[in-house]
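Subject: Handover of a two-chain model

Dear colleague,

I am passing the structure below on to you, together with notes on what turned up in it. Please read the notes with the coordinates open beside them.

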Amino acid sequence: MTTQSASRNIVWRAIGIVVLLALAIALPFVLKSNYYLGIAHQALIFIILASGYDVLLGFTGLLSFGHIGLFAIGAYTSAIMVTSTGAPFMVGIMAAAVLTGLIGFLISIPALRIKGHSLTLLTLALGEVIRLVIRSMEWLTSGSHGISNIPRPEILGFSFRQAVPLYYLLLAFAVLTILFVWRLRSSRFGRAFNAIRDSEIGADVSGVNISAMKMLAFAISAVLAGIAGGLYAHTVRFISPEFFSLGLTIILLAMVLIGGRGTIIGPVIGAALLITLPEALRFVKEYYLLAFGVAIWMCVLLLPDGLAGLGKRLFKRARTST
Amino acid sequence: MRILSKSVIAAALAMSFAQVAFADDIKLGMVIGTTGPFAGGEAPLVNGTKMAVEDINAKGGIKGNKIQLIIEDTGSEQTGAINAYNRILDQEPSAIMNTTVSGFVLSQMGTIGDEGIPTLTGAASAQLALDKKGVEPLFRVRTSDLYVAKAAARFAIDNLGGKKIAVLRANSEFGNSWLNQIQSVLTDKSVKPVAVESFEVADRDFTPQILRIKDAGADVVIVSGDPPHFVVAVQQLKQLGLTSKVIFSNAGVLPTTIKLYQGDSANGIYGTVDSVPAIDPARADWAKRYREKFNIDSDYSAAEYYDGVMMVAAAIAKVGTDHEALVKEMRTIKDYAGIGNTYSYADKGDGGRSVAIVQIGDGKLTLAATIK
């Protein structure tokens, strides 16, 4: 690639980002209803979660089925901190990030010795164990009753109780996450993650510290899951173990795969699509699951690189034809 | 030309009057599962609500204004319930008839409190009471589990003479709420349960749990869950040869659930209900109309949602559609005798208090006891 075409690419990307950001900022002026804003809240939270999950799955090639467990821990940590101790919202979010990061780090220790299907099964069991522990620790988590009356975020006296300010707060968290993941990908850590994904042996002989990098990928991914969990708890204001089910793990996996794993924009598109699609397909009523399934199936079949890959292909084709 | 312009003006006037009439319709929202696993159990609530709306509209509406019912589907999912509630809010209803799934109502609680729209629910969890996690605009058209689950436990010991009680319950907010209430009665009566078993909401096989209950030698088993659980439980209790007496929580004796039991497999099983309008002579006219309309026997939940709409309508007739005034007016209701229950919301009242025990026999219900 010539220097000229590389700089042209950067300009196009910058324009794309500015347009997307402008659209995101303008969205509440178009979507004035609580319903649409509620959907946007969910989409932004899942953009954070999916972007973090992509660090593990897309960047490093580690398939974990326990990620929703970390999301749940983040939600419960922040909710318990704020409702039980009266801690401020940001303290709750930070506690969620630290605790899930630590747990992510601990999970990575056995993951260093286990690979492939065994790792997937281990994380699957872990996700379920986390859910069952949350349910059993009634003294702390209220068990199946769940935790309600979780307050909406408040930072330095400014309340994000209303839907529009809350949207901008979640947007800020999502933008920061995307920027962080973007920087991470182009850093030496990101390159090490990609090297492990493409060939672990190759990465090893090239001097990449496999164990440290895997631990780091798990921890970063877990921190972002914790933040997303905390934000979810303060947005919905009620959490219970039922929500953090295996079904949600599958949806999260679909977000990254359909969006395009290993990319920055992929999890963003995937999360936005999988949150809005069920609502958009509501008109087909009981056939919704069928329509949803067919839509997902078509995506996987026709878009092996996800929607981000499709965008790239179309962009390339447009450039070669001109 | 003049005739033409007069006609146009007349048509425009007629249209504007029609629009005024339409604008004066009182919107009643309904957030309910019309698809997914809870759709069957929540179908009677839609029937009861529709019947009440039609009855009110047939009498000319509320002060001449017709009620317009808007239904939004929860998809039987928590996120779906939150979204459905928000969709209804966008249509600016005067009041909302909400789902009976306690977990879903808890997840909407923040919005219900913020918006202040009178929201009526048939959810039975004790957590929804105003002195617990409930909010002012939330009204329960049901008897709280605080009374129903305790009534089941008392019936097991006092009426059925149970000495070895076992509990099989869904691992959910509802199932655990039942377990807590049952255990409080058993503790009061110095009875220790011989088995306490649970199942996940998505489970459709209770073989290990039923076998453990059988091994424990239970003489009465109390089962709490949702309609799909009871369909499986009825079949497996018989297949595995459990001879104990069985008491189901409310969803197990709904006419929509009973229809799904095979042959006489459910004969002899007891169940808790708030009331039995279908066999109550005082409710015979209403029950007959319901049966003719929906081609199925009425149940307490349909009757309670019918009552809920009637209470809202009476409040609107008195104070109008302002949400704050409506909530205030509803909070003055005391001992309102409806078709399905007697309701009180004044002095932090938590809805109904009546509980009855019924027994299934050849697809029909008979009253076994009224619990005070």
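Two residues are taken to be in contact if their C-beta atoms, placed from the backbone, lie within 7 Å. This is a predicted model, in which local features need pLDDT of at least 70 and side-chain atom pairs count only at pLDDT 80 or more, while totals for chains, interfaces and linings use all residues. Residues are numbered from 1 along each chain as its sequence is written, and chains are lettered from A and ligands numbered from 1 in the order in which they are written. Helices (H or I, at least four residues) and strands (E, at least two) are DSSP runs, numbered from the N terminus.

Helix pairs in chain A

On the contact criterion above, Phe46(A), Leu49(A), Ala50(A), Tyr53(A), Asp54(A), Leu57(A) and Gly58(A) of H2(A) meet Leu252(A), Met255(A), Val256(A) and Gly259(A) of H11(A). Sorted by residue type, this contact has eight nonpolar, two polar and one charged, where Ala, Val, Leu, Ile, Met, Phe, Trp, Tyr, Cys and Pro count as nonpolar, Asp, Glu, Lys and Arg as charged, and the others, Gly among them, as polar. The axes of H2 (residues 34-59) and H11 (residues 246-259) of chain A come within 9 Å and cross at roughly 75°; axes here are lines fitted to C-alpha atoms, for helices over the stretch in contact, with angles running from 0 to 180 degrees between N-to-C directions. H2(A) and H11(A) are therefore roughly perpendicular to each other, given that angles under 35 degrees count as roughly parallel, over 145 as roughly antiparallel, 65 to 115 as roughly perpendicular and the rest as oblique.

The axes of helix H7 (residues 163-186) and helix H10 (residues 210-236) of chain A come within 12 Å and cross at roughly 175°, which makes H7(A) roughly antiparallel to H10(A). Leu166(A), Leu170(A), Phe173(A) and Thr177(A) on H7(A) meet Leu224(A), Ile227(A), Leu231(A) and Thr235(A) on H10(A), and the residues of this contact divide into six nonpolar, two polar and no charged.

Where the chains meet

The contact between the chains takes 22 residues from chain A and 21 residues from chain B. On the side of chain B that touches chain A, helices H3 (78-90), H4 (102-115) and H6 (173-188) of chain B each supply at least two residues, and H3(B) gives the most, with eight residues. That side of chain B divides into five nonpolar, 12 polar and four charged residues.

Chain B as a whole

Chain B holds 12 helices and 15 strands. Its radius of gyration, taken over C-alpha atoms, is 22 Å, which agrees with the value near 21 Å that a compact globule of 372 residues would have under the rule of 2.2 Å times the number of residues to the power 0.38.

An open sheet of seven strands runs in the order S7-S6-S8-S9-S10-S14-S15 (chain B), with mixed pairing; two strands pair if DSSP finds at least two bridges between them. Strands S7 (195-199) and S15 of chain B are the edges, each pairing on one side only, and the twist averages 25° from one strand to the next. S6 (residues 165-170) of chain B runs parallel to S7(B) and is joined to S7(B) by five bridges, with Val167(B) partnered by Val196(B). Helix H7 (residues 207-215) of chain B packs on the sheet, touching S6, S7 and S8 (220-224) of chain B, and its direction makes about 175° with that of S7(B).

S14(B) and S15(B) form a hairpin with two residues between them, and Asp362(B) in the turn has a positive phi of about 50°.

A glycine in helix H6 of chain B

Gly175(B) lies in helix H6 of chain B and is buried, with 25 other C-beta atoms within 10 Å; a residue is buried if 20 or more other C-beta atoms lie within 10 Å of its own, exposed if 12 or fewer, and partly exposed in between, with C-beta atoms placed from the backbone. Neighbours within four places in sequence aside, Gly175(B) is in contact with Arg169(B), Ala170(B), Ser198(B), Ser224(B) and Gly225(B).

With best regards
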